[in-house]
Amino acid sequence: MKRIQYHRYGGPDVMQMERFEPPALRPDDIAVKVVYAAINPVDWKVRRGDLKLVTGRKFPRAMGCDFSGEILAVGSGVTAFKLGEAVFGVAPVKTCGALAEVVVAPQTVVGRKPESVTFEEAACLGTPGVTAWNALIDKAHLKAGQHVLINGCTGAVGAAAVQIALLQGAIVSGTCSADAATQAKALGVTEVLDYRKTNLATLSRRFDVVFDTAITMPIATGLCLLSRGGVFLDLEPGPAKIIRSLFDRRLKPIICTPRPAIMAALAEAARVGRLSVPSAQIVDFDAAIGKIANLEQGVGSRGKAVVAIGTAV
């Protein structure tokens, strides 16, 4: 079996395509033959060592979180899934491993792929969908009729957040570039703001939820945009922000945390055509290291890149 892995934290140069032996399954584990894996910024943040307090110093470490594929084997305690089922999932950051011919992950981070959703589409749902769900549903407790501002509404997490907010019956405003305005409106954003021309700190409107999916908004700006009882959702939760959030209930740091109910909800939303995170480019497995390096350095096409790894039976 092959996978992209590294033997020390560092830049793009530490990634290697190498052979590996999948680990023995624990009772709760599922082994999946990967058909597609999606690339996310968290992949290189983990590889750089930004999360080493969580990931530790045991090497080699594998790359990639989001995947789709078919179940090859299940642990002795797995009862919800069967061999051969088509699934998608989010490998935990502590282990990762989606950019591989086979990934092993707990059953709690895996969902069934609807028949109407392709493997390519399913691979894109994981991290964006779970993160948006954690933020809007788990943390903000979003309700119908509430007003949401999504900073970066056409990025992967932003687009998922727009669609999940609309599923809840919320009214969505969003920021993006002028050339992405048509895409934002197609997603269902009511008010589209050009981030290059809009000073958010001077907006007179107030929102029940402000979600900074672009990770560019100062906390002070996000908080000043809130209506009474509103919350600011922050996707870069360092220790200082987590401590601050203990004293300021308006600030909600977000960590991508999948669980079975979320995976099932994302699958159902995708099945009925209410949730999609389209890919912008598909690359072969052998080209994945170069693609990750380019995306990390801000080079290449906008949108989600997907790696074609295997074929479905």
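Predicted model: local features only at pLDDT ≥ 70, side-chain atom pairs only at ≥ 80, totals over all residues.
Helix H5, residues 156-167, comprises twelve residues. The distance from its first C-alpha to its last is 17 Å, close to the 16 Å expected at 1.5 Å a residue. The helix is mostly covered, with nine of its twelve residues buried. The buried positions are Val-157, Gly-158, Ala-159, Ala-160, Ala-161, Val-162, Gln-163, Ile-164 and Ala-165. After H5 comes Gly-169, which has a positive phi near 85°.

When residues up to four places away in sequence are not counted, Ala-269 touches Leu-167, Arg-274 and Leu-275. The C-alpha atoms of Ala-269 and Pro-114 are separated by 9.8 Å, although the two residues are 155 residues apart along the chain.

The loop between strand E14 (251-253) and H9 holds Pro-258. This proline counts as buried, at 18% relative accessibility. Apart from neighbours within four places in sequence, the contacts of Pro-258 are with Val-90, Thr-108, Val-109, Val-130 and Met-263. For Val-109, the C-alpha to C-alpha distance to Pro-258 is 5.5 Å, across a sequence separation of 149 residues.

A pair of packed helices is described by the angle between their axes and the distance between the axes. Helix H1 (residues 41-48) packs with helix H10 (residues 288-296) at an angle of about 90°, and their axes are 10 Å apart. H1 is therefore roughly perpendicular to H10. On the H1 side, the contact is made by Trp-44, Arg-47 and Arg-48; on the H10 side, Ile-292, Leu-295 and Glu-296 take part. By residue class, this contact of H1 with H10 has three nonpolar and three charged residues, and no polar ones.

There are zero disulfides in the structure. Cys-176 takes part in none, and its nearest cysteine sulfur, in Cys-153, lies 4.2 Å away. A disulfide would require the sulfur atoms to be within 2.5 Å. Cys-176 counts as buried because its relative accessibility is 4%. For Cys-224, the closest cysteine sulfur also belongs to Cys-153, but at 19 Å that sulfur is too far for a bond. Cys-224 has a relative accessibility of 32% and counts as partly exposed.

The loop between strands E6 (86-90) and E7 (102-106) includes Thr-95 and Cys-96. Thr-95 is partly exposed, with 43% relative accessible area, whereas Cys-96 is buried, with a relative accessible area of 5%. The phi of Cys-96 is positive, about 50°, although the residue is not a glycine. Thr-95 is in contact with Arg-61 and Ala-62, leaving aside its neighbours within four places in sequence.

A cis peptide bond, with omega about 0°, joins Phe-59 to Pro-60. Pro-60 is located in the loop between helix H2 (52-55) and strand E4 (61-62). Ile-215, a residue other than glycine, has a positive phi near 55°. Its place is in the loop between E12 and helix H7 (219-224). Ile-215 counts as partly exposed, at 31% relative accessibility.

Conventions:
Residues numbered from 1 in each chain as written. Heavy atoms only, no water. Axes fitted to C-alpha atoms, helices over the stretch in contact; angles between N-to-C directions. Helix = DSSP H or I, 4+ residues; strand = E, 2+ residues; numbered from the N terminus. Parallel < 35°, antiparallel > 145°, perpendicular 65-115°, else oblique. Contact = heavy atoms within 4.5 Å. Nonpolar A, V, L, I, M, F, W, Y, C, P; charged D, E, K, R; others polar. Buried < 20%, exposed > 50% of the residue type's maximum accessible area, 1.4 Å probe, protein only. Expected span 1.5 Å × (residues − 1).
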